[in-house]
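Please read the following account alongside the sequence and the coordinates.

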Amino acid sequence: MTAPAPGWLLEPEVGLCPCGCIGKRRKGSFVAKTLAGASGVLRQAIFSEDVAAGRGLLQRLDPRVKLVTMVGLLVVVALVHSLPLLVGAYLATVALAVASGLSLGFFIKRVWLFIPIFTGIVVLPATLSVVTPGDILLPLWHWHGHTQGVTEQGLHGAGLIVARVATSISLVVLLTLTTPWVRLLAALRALGVPKIFVLIIGMAYRYLFLLLDAVDDMYTARKARTLTAEAGKRRVAEGRRFVAAGAGTLFGKAHQLSEEVHQAMTARGYSGNARTLSGFRLGAADAVWSVAVTALAVALLVADLKVGR
């Protein structure tokens, strides 16, 4: 019976004492953090495939019907100018995510983590009276005897943009998470999207993971050949040289890999059309979904017109 590995060997960063009060811990390498982020992308992609293979509400729909209805909802969301209606549409996407078996926390973080928050920061100046005049709700300063601050009209406009962006991203996330990638490409091709467009998307999707794997192998090989760690400026300089050399090497590998991938796909009969093991088939659920989405779109547009009056 072999002895278990000691605890200090399993720790990612070892201090000179358990509390860390003696000595200095080294900061993590930016290269390692970048690769950790790349691994996170791979994990999310694998998780997305597992979710798409589930038996939720949206997973049961035909990809063509799902694609057309989601695009139609995106157009409707872009035309709606009522903030309460957009908030209601966003809550409807959250309900769809729950009905499709998606983790609510994962869905909300995926939607709000980057683009809507960034959009809110961008439109933040539009809430000020110097950009959007109106009724001041929060006075901030005075300029030539006039009070300046956050206006009601500015807040409404900013909230409208953020809600529209959040709802649109939620629809796109629902489509991509509940549809296997190959079936989504096949649906695009079945709806008349040009073959070269589908080919580029499919190659880019597969190529991304191949490049991430190549970068991870390069970094692992470098770490395996490193016996001692550089300190201070020398460590930073070595890191920069590795990144520069790695970028050049990766460019050469990318060119060679592209030829190999294309030849392998062509040898297996790939002609630009995405093929799936099971064909597309319309069912009763697709008809009910189409009618429900059409009714919802008409209701949103009519309600928006009445609110506008």
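A residue is termed buried when its relative accessible area is under 20%, exposed when it is over 50%, and partly exposed in between. By this criterion Tyr90 is buried, because its relative accessible area is 14%. The coordinates to which these terms are applied belong to a predicted model.

The mean pLDDT of the protein is 75, and 74% of the residues reach 70 or more. Among the elements, helix 3 has the highest mean pLDDT, at 92, whereas helix 1, spanning residues 7–10, has the lowest, at 46. The pLDDT is below 50 over residues 13–18, a stretch with eight contacts in the model beyond near neighbours in sequence. Residues 22–27 likewise stay under 50, and for them the model has ten contacts beyond four places in sequence. Where pLDDT is low, the predicted coordinates should not be read in detail.

Tyr90 belongs to helix 4 (residues 83–99) and Trp112 to helix 5 (residues 104–112), so the pair ties together parts 22 residues apart in sequence. Trp112, at 27% relative accessibility, counts as partly exposed, whereas Tyr90 is buried.

The structure holds one salt bridge, in which the side chains of Arg64 and Asp62 meet at 3.0 Å, N to O. Asp62 counts as buried because its relative accessibility is 3%. Arg64, with a relative accessible area of 25%, is partly exposed.

The loop between helix 2 (30–52) and helix 3 (63–79) contains Gly56. With a relative accessibility of 9%, Gly56 counts as buried. Leaving aside residues up to four places away in sequence, Gly56 touches Ala99 and Ser100. The C-alpha atoms of Gly56 and Ala97 are 8.9 Å apart in space, although 41 residues separate the two in sequence.

At 1.5 Å a residue, its 26 residues (152–177) should span 38 Å, and the end C-alpha atoms are 37 Å apart, which agrees. At the start of helix 7, a side-chain oxygen of Thr151 reaches to within 3.0 Å of the backbone nitrogen of Gly154.

Terms used. Residues are numbered from 1 along each chain as its sequence is written. This is a predicted model: local features need pLDDT of at least 70, side-chain atom pairs count only at pLDDT 80 or more; totals for chains, interfaces and linings use all residues. Side-chain values use heavy atoms; hydrogens and water are left out. Helices (H or I, at least four residues) and strands (E, at least two) are DSSP runs, numbered from the N terminus. The expected span of a helix is 1.5 Å times one less than its number of residues. A polar contact is a pair of N or O atoms within 3.5 Å; within protein, one must be able to donate a hydrogen and the other to accept it, and residues adjacent in sequence count only if both atoms are side-chain atoms. A salt bridge is a side-chain nitrogen of Lys or Arg within 4 Å of a carboxyl oxygen of Asp or Glu. Buried means under 20% relative accessible area, exposed over 50%, partly exposed in between (1.4 Å probe, protein chains only). Contact means heavy atoms within 4.5 Å. pLDDT is the predictor's confidence in each residue, from 0 to 100.
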